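Welcome, and thanks for taking a look at this one with us. Here is a short briefing to read alongside the model.

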Amino acid sequence: MSVRRWRRRFTSGVMTGLVAFLSFLAVLALVLILGDLVARGASSLDWSFFTKNPVPAGESGGGVANAIVGTGIIVGLAALIGLPIGIGTGLYLAEYGSGRLGWIVRFVADVLNGTPSIVVGIFAWTWLVKPMGHFSAFAGSAALAVLMVPMLARTTEEMVRLVPHSLREAALALGYPRWRTSLRVIARTALAGIVTGCLVGIARVAGETAPLLFTALGNLNFSTHVLEPMQTLSLQIYVYATGPFDEWHRLAWAAALVLMGLVLLLSLSARWAIRQRRGAAR
Amino acid sequence: MAPPADARLQLETVRLTALYGRRAAVKDVSLMFPRHTVTALIGPSGCGKTTFLRCLNRMHELSEGGWITGKVLLDGEDIYDPSIDAIRLRRRVGMVFQRPTPFPTMSIYDNVAAGLRVNGGRPRAEVDAAVEGALRRAALWDEVKDRLRQSALALSGGQQQRLCVARALAPEPEVLLLDEPTASLDPAGTQHIEELCHELKTRYTICIVTHNLQQAARVSDYTAFFYLGDLIEIGRTEELFTKPTQEQTEAYITGRFG
């Protein structure tokens with residue numbers, strides 16, 4: 001008996017140690033990345049980095065104002081296109097998606113979810129850039145929206161499904177029409193979860209580079225015209241990091257730090273939204 | 001749409017069979033609910049009493065594979081007639097469920113007003129009055145009148161269930177269906193709900209499903225005993241409990257099975 005107990009404790013101890021070590025490894029990677037970014041990028045961060053546009057190669061100084069604004073515009077436009085479609089699809093799947101059509105939509109969403117983002121970029125190039133005859137921020141937004149939609153659809157569906165069936169019945173028994181039950185009771189109850197999913201989705205695409213390479217293209221100048229090429233932080237990092245100049249490498253690190261900070265900010269907002277949800281559920 | 005033969009008769013099922021796909025959960029039940037009385041449905045789990053209840057406000061047809069044969073007459077009118085809108089019907093036949101189901105995103109006030117607002121815009125004062133009236137009838141007004149704007153989830157389980165009663169009462173239904181309303185409540189909460197039944201039957205026709213035989217004896221005027229989807233016996237409560245005519249009823253109420 002005591003041998004068995006000893007063995008049980010031993011096994012438990014070893015396994016606890018193992019999973020603790022593995023989670024340490026996972027966190028270590030993140031800490032190293034963040035630490036490296038801060039160590040190499042922080043020194044280049046100053047006011048002009050945020051307010052100035054890039055300067056020609058060889059000159060020192062300059063900033064990424066155009067890329068920060070561009071990221072905001074392209075990601076914002078992508079959210080504008082992607083959120084309604086993604087959330088709408090998720091609501092449909094959760095509420096009416098039990099049939100064959102629902103199965104097909106769910107399958108397509110899953111396939112799309114696993115599609116490499118560069119493929120989506122090519123798709124956007126073929127259907128938007130080529131017919132329009134020039135690169136544009138809009139094409140980049142469309143590509144990002146396509147990436148966002150399946151993610152949002154599945155998250156929304158999950159969140160809506162978490163709403164207890166009893167609430168739906170309570171609303172229907174009160175004489176709510178079905179669509180009104182979906183919107184006023186079910187979607188509202190799932191709202192915090194859906195908002196969280198949206199923030200995570202936006203954070204995911206904010207860092208995408210591949211689908212923007214041949215859509216938004218990049219732009220060395222400040223531009224807010226969505227039908228013209230536009231710069232984003234990810235594209236700027238790509239160009240600077242693969243460039244030959246030390247000054248560019250320095251700027252790439254700084255831009256990476258800014259992008260990471262933005263994504264972190266979105267993730268923190270998502271956390272905050274979850275906490276609100278828990279608060280409301282108590 | 002002939003007027004009911006007996007004006008005291010509010011609700012009636014005629015040879016009602018409720019099915020899930022091809023499986024009948026309620027078989028050929030004809031039952032009458034006189035106006036402003038309480039009828040208790042008793043029987044062992046799975047005997048079809050909840051399914052029967054859900055046929056009375058057409059909630060059964062929302063279940064997977066749910067359909068019925070037979071008729072359900074409300075004030076002499078078949079509620080399964082194609083001309084009847086199930087959504088409107090449910091505003092005439094209120095329902096309270098086993099577990100409290102307050103809408104978590106809504107305040108206490110909005111919960112009670114929910115069933116009113118779904119009927120379209122009404123003057124603010126009218127909604128205020130209806131909410132207060134419903135909360136008073138559910139014996140909850142004094143406990144919540146100072147915090148109507150707070151989340152309904154801040155209430156205790158028993159209060160939440162009375163809130164659900166108030167929510168069901170606010171649209172002024174004619175019939176109130178209670179599906180084991182005290183199943184998740186403590187004795188004090190249970191007593192509150194039972195007292196409510198007595199008060200509410202002066203205005204509403206009540207049908208209550210319960211597993212608790214003492215509760216059925218305490219609150220109801222009539223008791224119907226269901227077993228395996230069949231209506232075994234229906235009678236005045238004191239008679240059914242003291243001298244049942246069917247052997248199965250006697251076995252059940254004396255605790256020999258179920």
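**Helix α5 of chain A**

Helix α5 of chain A covers residues 117-132, and at 1.5 Å a residue its 16 residues should span 22 Å; the C-alpha atoms at its ends are 21 Å apart, so the two values agree. Please keep in mind that this is a predicted model.

**More on α5(A)**

- At Trp125(A), α5(A) bends by about 40 degrees.
- Val120(A), Gly121(A), Ala124(A) and Val129(A) are buried residues of this helix.
- Among the elements that cover the buried residues of α5(A) are α6 (137-162) and α10 (210-213) of chain A.

- The crossing of α3(A) past α6(A) is right-handed.
- In the contact of α3(A) with α6(A), 22 residues are nonpolar, nine are polar and three are charged.

**Where chain B touches chain A**

- On the chain B side, 21 residues are in contact with 17 residues of chain A.
- Both α2 (86-92) and α3 (108-117) of chain B supply at least two residues each to the side that touches chain A.
- α2(B) gives the largest share of that side, with four residues.
- By type, the residues of the side of chain B that touches chain A are 11 nonpolar, five polar and five charged.

- As background, most residues other than glycine have a negative phi.
- Asp75(B) has a positive phi, near 50 degrees, although it is not a glycine.
- Asp75(B) sits in the loop between β4 (66-74) and β5 (77-78) of chain B.
- Is Asp75(B) buried or partly exposed? Asp75(B) is partly exposed, because 17 other C-beta atoms lie within 10 Å, and a buried residue would need 20 or more.
- Leu228(B) also is a residue other than glycine with a positive phi, near 50 degrees.
- The loop that holds Leu228(B) runs between β9 (222-227) and β10 (230-236) of chain B.
- Leu228(B) has 13 C-beta neighbours inside 10 Å and so counts as partly exposed; the cut-off for an exposed residue is 12 or fewer.

How values were computed
Residues are numbered from 1 along each chain as its sequence is written. Chains are lettered from A and ligands numbered from 1 in the order in which they are written. This is a predicted model: local features need pLDDT of at least 70, side-chain atom pairs count only at pLDDT 80 or more; totals for chains, interfaces and linings use all residues. The expected span of a helix is 1.5 Å times one less than its number of residues. The bend at a residue is the angle between axes fitted to the seven residues ending there and the seven starting there. Two residues are in contact if their C-beta atoms, placed from the backbone, lie within 7 Å. Ala, Val, Leu, Ile, Met, Phe, Trp, Tyr, Cys and Pro count as nonpolar, Asp, Glu, Lys and Arg as charged, and the others, Gly among them, as polar. A crossing is left-handed if the near helix is turned anticlockwise from the far one by less than a right angle, and right-handed if clockwise.
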